[in-house]
Structure formats: structure tokens, C-alpha cells
Amino acid sequence: MWWGGRGQSFNIAPQKAEPDMGLSGPKSVQRTGMLESRSCQLGSHLASGCLPGEQILAWAPGVRKGLEPELPGTLICTNLRVTFQPCGWQRSQETPLSSEYDFVLVNIGRLEAVSGLSRVQLLRPGSPLKFTPEEILIHGRDFRLLRVAFEAGGLEPQAFQVTMAIVRARAQSSQAQQYAGISLSKAGQSSGPRKPPIPLLETSEDWETERKKQGAGSWRVSPVNERFDVATSLPHYFWVPKRTLDSEVRRAFGHFHQGRGPRLSWHHPGGSDLLRCGGFYTASDPNKEDIRAVESMLQAGHSDVVLVDTVDELPSLTDVQLAHLKLRALCLPDSSAAEEKWLSALEGTRWLDYVRSCLRKASDISVLVTSRVRSVVLQERGDRDFNGLLSSLVQLLSAPEARTLLGFQSLVQREWVAAGHPFLTRLGVTGASEEAPVFLLFLDCVWQLLQQFPAEFEFSEFFLLALHDSARVPDTLTFLRDTPWERGKQSGQFNSYTQIYTAGYSQLPAGNSVNPQLSVWDWDLRYSSEQILQFHNPGYDPEHCPDSWLPRQQPNFMVSGPPSSVWLFSRGALTPLNQLCPWRDSPSLLAVSSRWLPRPAISSESLADQEWGLPSHWGACPLPPGLLLPGYLGPQIRLWRRCYLRGRPEVQKGLSAPTISGLQDELSHLQELLRKWTPRISPEDHSEKRDPNTIVSQSR
């Protein structure tokens with residue numbers, strides 16, 4: 001992402017030589033004076049790119065390596081980030097964020113110091129530096145690499161100081177203590193109230209507007225969790241069946257894990273409802289009224305109900321984390337994998353397998369939702385990870401409005417942010433052991449859909465990259481809390497990583513208050529208008545807009561299910577159930593081990609391939625308008641090169657460019673490669689040499 005702004009409050013400490021470090025001999029007074037003079041001059045220049053409240057801790061001249069040509073400049077460590085500022089480059093106040101030059105402290109995954117060809121030290125919080133580094137390697141959690149070689153000629157102390165400053169600042173960032181009082185708003189931006197670009201779903205009016213937009217007439221907005229006394233991980237409001245009383249909702253939710261009972265996620269225009277809930281709390285002892293309330297909410301007025309075992313066929317959180325770590329290690333420039341074995345190593349990470357599994361299951365669930373009028377319930381024990389992933393993918397596959405730029409942002413806000421996905425824990429910001437980038441796995445799945453259906457999505461790959469990077473930037477409260485309850489707290493107890501937006505202020509206000517109306521969706525606070533234009537997909541077909549989609553009822557392809565039918569969808573197959581709730585005659589089929597339920601072998605065909613439940617008149621006809629069924633076999637699932645290989649500039653060449661001039665540059669580069677790769681003519685054939693462009697034109 002792009003960082004920058006107007007330095008209105010900063011401290012610059014002149015970098016002095018420290019002869020007592022034991023790393024270099026005593027410096028003369030004249031040389032010390034020269035260093036201090038140069039430090040003050042550079043300090044004043046560097047401070048102009050600081051944010052309000054940001055402090056420069058240390059800096060050192062160096063050369064950024066890994067690029068062609070290499071860039072001379074200055075490595076800077078602040079209490080917010082590590083940045084490399086090339087010589088002669090000026091930060092634009094209109095482009096405050098830059099993924100090319102800046103590393104937020106919480107985004108640093110590994111820090112290495114190098115001296116010579118053999119001395120390499122991995123620097124951890126609290127570890128001392130054993131030598132003066134000649135190079136420093138900063139590995140980002142977002143697959144970037146910053147490699148800087150320090151200048152020689154008496155500047156060794158500065159190299160030592162900036163390296164140790166990064167180690168200390170990184171340790172403080174892991175303790176969730178810094179960033180308070182730093183303003184990340186665009187310089188000159190009005191500090192007055194701002195209208196959110198999308199509804200943040202923090203009021204009952206927002207939820208009611210969204211309910212009407214979906215046409216969910218049999219549902220209502222329940223305020224039962226207004227004080228977070230039902231579940232702290234649920235939002236203030238959510239949708240429940242209209243005929244269910246709040247007292248029944250409160251009691252029924254107590255029989256689900258973490259109080260996350262069944263509630264509407266999305267209403268299909270054809271009449272089906274997609275619900276999500278936590279696992280049954282089988283240790284509870286509900287009365288008959290509670291059981292009837294639970295069944296009523298699960299059925300949602302439908303006679304045909306399908307319970308989806310969400311985690312079945314999907315990786316565990318540990319699997320996702322391990323695959324992501326392997327992928328990151330493989331994609332960095334210093335990967336130990338041999339070039340000829342790189343693809344097999346990529347397969348060994350299992351990341352693409354997990355992407356494939358998510359797309360396949362989401363495709364099956366979308367068929368369940370669109371083939372019959374029914375209630376489809378996603379059930380995951382915690383209801384905060386794969387339920388959100390599958391629910392979001394199903395809506396992207398089934399609802400064209402979710403594939404618009406505003407619709408997708410609203411989808412993420414509702415199914416991830418408001419639904420209580422634990423962003424801090426899953427992205428490893430808190431250092432907890434439950435790290436697993438489920439949200440980043442979801443973004444990869446969306447990128448796969450964008451590649452397979454480029455005319456169906458209004459947003460572009462660059463928007464997905466911005467969202468991918470925003471998940472690790474301490475920017476707003478959107479991705480910096482684990483629950484809506486924590487996000488809404490204003491007390492100092494929950495102000496770690498809290499940002500204060502005070503654009504135009506020379507003095508920061510007292511306290512640690514934060515404007516809750518500012519969110520990650522306020523792109524104009526961090527991006528220029530030119531960059532925001534790149535968020536739009538130029539290949540999007542306007543005819544796929546929601547206005548041309550299905551009317552609210554589709555009797556021509558939506559048919560009713562069998563009377564009072566209850567199914568369990570697991571391992572690609574449907575199994576009939578005798579009851580919905582686990583407290584009647586037998587334990588829950590979703591809460592006990594698999595020995596209680598006969599499960600057939602996983603079919604090689606998806607539910608869509610088997611055409612289970614599809615009306616007979618579909619046959620070989622096209623799918624219902626608005627429904628996408630992605631491919632997930634073999635080469636249909638690709639590596640997101642622009643994201644995962646961003647640490648390798650040479651690999652980025654040849655990727656699609658956002659502008660005409662960029663396309664021209666890439667075309668020239670490809671033509672140059674073609675000239676290099678054209679088989680050399682033997683000396684005997686000098687007279688028959690031809691231009692490579694002629695060869696290409698004749699081969700067409």
C-alpha cells in the first residue's frame with residue numbers, strides 16, 4: 001500500500017557515532033560533526049514525509065537491491081513503519097500509501113542481518129545484533145521483500161542503529177502499544193463528520209435497509225443483542241424470522257456455541273434463504289419451547305431444510321496457516337526451491353488445493369440454494385471462519401449485485417466484519433497461536449473467479465490487492481478487532497492500534513478517541529483518484545448489473561422441495577435426517593463423530609456436475625441467469641502471481657498492466673524477450689538472418 005502525508009508532529013534525533021558499541025574505532029571530532037550536519041539536513045528532508053504523530057527513530061543511507069537498476073536512498077525506521085526513500089523521490093500527499101516502499105511494523109514477518117557471504121543473523125524481539133550489518137532483509141507477511149545494502153565509509157554506526165531500531169520498534173508493535181496518536185488521514189482532509197461509503201451495519205436502520213434491498217419479507221431486524229449480552233462476537237442487530245419473538249431468540253441462541261444461533265445471511269430472489277450458525281451446544285438441556293424455537297429458526301418457513309457441514313472437505317485452521325507459511329517461503333526471492341522443482345514445491349504447499357476445495361464446496365452450496373426453494377443452513381462450530389468464506393462465495397456466485405464494487409464491499413462488511421471474524425487473531429497481529437489467514441484465502445478464491453469470469457465483476461485485481469494489503473495495515477478499526485464488541489469500545493482498555501483522524505490539526509486531541517465512522521472503505525483517505533480508478537475492471541459488462549437480473553420470484557426454475565424434508569450435506573452428498581435438533585431422540589449428527597452417520601465416499605463430481613435436485617427441464621440448457629459455476633480442476637486454479645510473487649520484480653513483467661502506456665511497456669519487454677529467445681542462426685546462415693518480428697508475422 002502507499003503511505004505518506006504531511007508531517008505536522010515529528011521528532012528527529014541526529015544520528016551520532018557511538019564508539020562504545022564495540023563495532024568500530026573512535027571517530028574524530030571533525031568526522032562526528034560532519035555526520036551530525038548531514039544527519040540534520042537529511043532529517044529535515046525525511047520529516048516532510050511523516051504522518052502527524054509519527055516519529056523517526058533511526059535512518060541510514062543505503063542501496064535497495066533486488067531491483068534493476070538498484071536504487072540508492074535512505075532506510076528509515078519510525079514508530080509506525082520501515083520505509084525506503086529513494087534519492088530524489090518525493091512523497092505525494094495525494095498518494096499516502098505505497099506497497100513499493102513501506103513496511104508497517106506489524107507486517108514484518110522476518111528480519112535478517114547479513115555481513116559478508118556467510119554471516120546471517122535472524123533478529124527476533126530482544127535479540128542483540130552481533131555484528132555491523134552490511135545488508136538487512138525485511139520479509140513482509142504480504143509476500144514482499146525489502147533488501148537494503150548499507151553504504152560503507154564510516155557509516156557503520158548508522159547501519160547498526162537503524163537495524164536495532166527496527167528490532168525494538170517491531171517488539172513494541174507486537175505488544176500492541178504503539179500507533180496511538182498517529183493520524184493516517186490525507187493531508188488537508190476535512191476533520192468533520194463523513195458519511196461512510198457503504199453502510200457499516202452499526203444501526204438498526206442499516207440492517208432494515210439491507211433487508212428490504214434483499215426482499216426478505218419474512219424476516220425482521222432483531223435488537224436482542226444491542227447490549228452484546230447474547231454474544232459479544234455478533235453484531236448489535238441481525239435478521240431472524242418475523243414470527244419469532246426476541247425472548248425466544250435469546251433462549252434459543254443459548255443452545256449454540258458462543259451464543260451464535262441461526263440467523264439469515266442472504267435471501268435469494270427465488271425464495272431460498274441462506275443461514276449461518278454455530279455448532280449445537282449439546283451439553284445444554286433445552287425445554288420443548290426452546291427446541292421448537294430452534295427448529296422454527298432453522299426452517300425459516302420452508303419445508304425443505306439442508307444442514308451443511310461447513311468444515312467437512314475443507315482444511316483446518318492449522319492446515320491453512322501451514323500452507324500459507326509454505327507458500328510465503330516458496331515465493332520469496334531467497335527461496336531454496338530449485339527452479340525445475342518449483343511447481344512441484346508449489347503443489348506441496350497445498351494452498352491451491354485449499355482454494356480448490358473452497359470453490360468446489362461454494363459451488364455445491366450455490367446449487368442447493370438456487371435449485372429449490374429451501375432453507376440452507378451453514379453450520380460451523382465457531383461460525384466465524386469458513387461460514388463467512390462460504391457464505392460470501394455463494395453470494396458472489398449467485399448474486400450479480402455482490403459482484404459490483406459497492407456490493408462486494410458491503411458483502412465483506414456484513415459477512416466478515418459485522419459477523420465477528422477474528423481478524424487480529426487470524427492474521428497474527430496479536431501473536432496468538434490461532435493464526436490462520438482465512439480472509440486471505442477468501443480473497444484468493446475471489447481472484448480465481450475474477451480470472452474465470454472477467455466480464456462479471458466490476459472490481460479489478462488491483463482492488464483485491466488493496467484489500468489484501470489493508471488487512472495488515474493499522475489503518476482503521478475495520479480489520480483491527482476480533483469482535484464487533486471490541487470494535488465499538490471507546491475506552492482505553494480497547495485502544496490498541498487505534499488511530500486518531502485529525503486532518504488539518506497541528507496538535508493531536510487529548511485522549512484516544514477514534515471516529516467509528518471511518519473505515520477501510522474510505523479509500524480516498526489513502527489513495528489518489530488515479531489509483532481508485534484502477535479498482536474498476538475495464539472488462540466489466542454493464543449488462544450484468546443487478547437491474548437486468550432476475551425478478552423477485554422465479555417459478556420457472558425454483559421448485560419446492562419434498563414436504564418436511566431434512567437433509568445433511570456432507571462430503572459432496574446429501575443424507576436424509578430424522579430431525580433438525582440433537583436433543584430429541586439422538587445426539588446431533590453434526591456434533592458427534594462420523595460413526596453416527598453413514599457417509600458415502602467423496603464423489604469425483606460436484607453436486608452441480610451430478611445435477612442433483614435440478615429441475616428436469618434444465619438438462620443441457622444454460623444455468624439460471626446470474627449463477628456462476630467455476631472450474632476447479634487442474635490448471636483452472638492458478639497462482640495469484642501479482643500478489644504472491646511481488647517480491648520478484650522480474651516475474652511481474654508480462655502481467656497485465658492497468659494503463660495503455662503500461663501495456664506498451666510490457667509489449668516492448670515481451671518483444672525484447674522474443675528476440676533473446678529466438679534460436680540463434682549458425683554462422684553458415686548469416687545471409688538468411690531475419691528479423692524476429694518477421695518470423696512471428698509469417699508464422700500466423
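This is a predicted model: local features need pLDDT of at least 70, side-chain atom pairs count only at pLDDT 80 or more; totals for chains, interfaces and linings use all residues.
On the side of α8, the contact is made by W351, Y354, V355, C358 and L359, while α12 contributes L440, L441, D444, C445, Q448 and L449. Sorted by class, the residues of this contact between α8 and α12 comprise nine nonpolar, one polar and one charged.

Helix α12, which covers residues 438–452, also packs with helix α10, residues 405–417, at an angle of about 150° and with the axes 13 Å apart. Since an angle over 145 degrees counts as roughly antiparallel, α10 is roughly antiparallel to α12. The crossing in which α10 passes α12 is right-handed. Here F408, V412 and W416 of α10 meet V438, F439, F442, L443 and V446 of α12, and the residues of this contact divide into eight nonpolar, no polar and no charged.

Stepping back to the protein as a whole, the reader will find 20 helices and 18 strands in its secondary structure. Of its 700 residues, 56% are buried, and the accessible surface of the protein comes to about 30400 Å², with 52% of that surface belonging to carbon and sulfur atoms. When contacts between residues at least 6 apart in sequence are considered, 72% of them join residues that are at least 24 apart.

Technical notes
Residues are numbered from 1 along each chain as its sequence is written. Side-chain values use heavy atoms; hydrogens and water are left out. Axes are lines fitted to C-alpha atoms, for helices over the stretch in contact, and angles run from 0 to 180 degrees between N-to-C directions. Helices (H or I, at least four residues) and strands (E, at least two) are DSSP runs, numbered from the N terminus. Angles under 35 degrees count as roughly parallel, over 145 as roughly antiparallel, 65 to 115 as roughly perpendicular and the rest as oblique. A crossing is left-handed if the near helix is turned anticlockwise from the far one by less than a right angle, and right-handed if clockwise. Contact means heavy atoms within 4.5 Å. Ala, Val, Leu, Ile, Met, Phe, Trp, Tyr, Cys and Pro count as nonpolar, Asp, Glu, Lys and Arg as charged, and the others, Gly among them, as polar. Buried means under 20% relative accessible area, exposed over 50%, partly exposed in between (1.4 Å probe, protein chains only). Accessible areas come from the Shrake-Rupley method with a 1.4 Å probe; for residues, only the protein chains shown count as cover.
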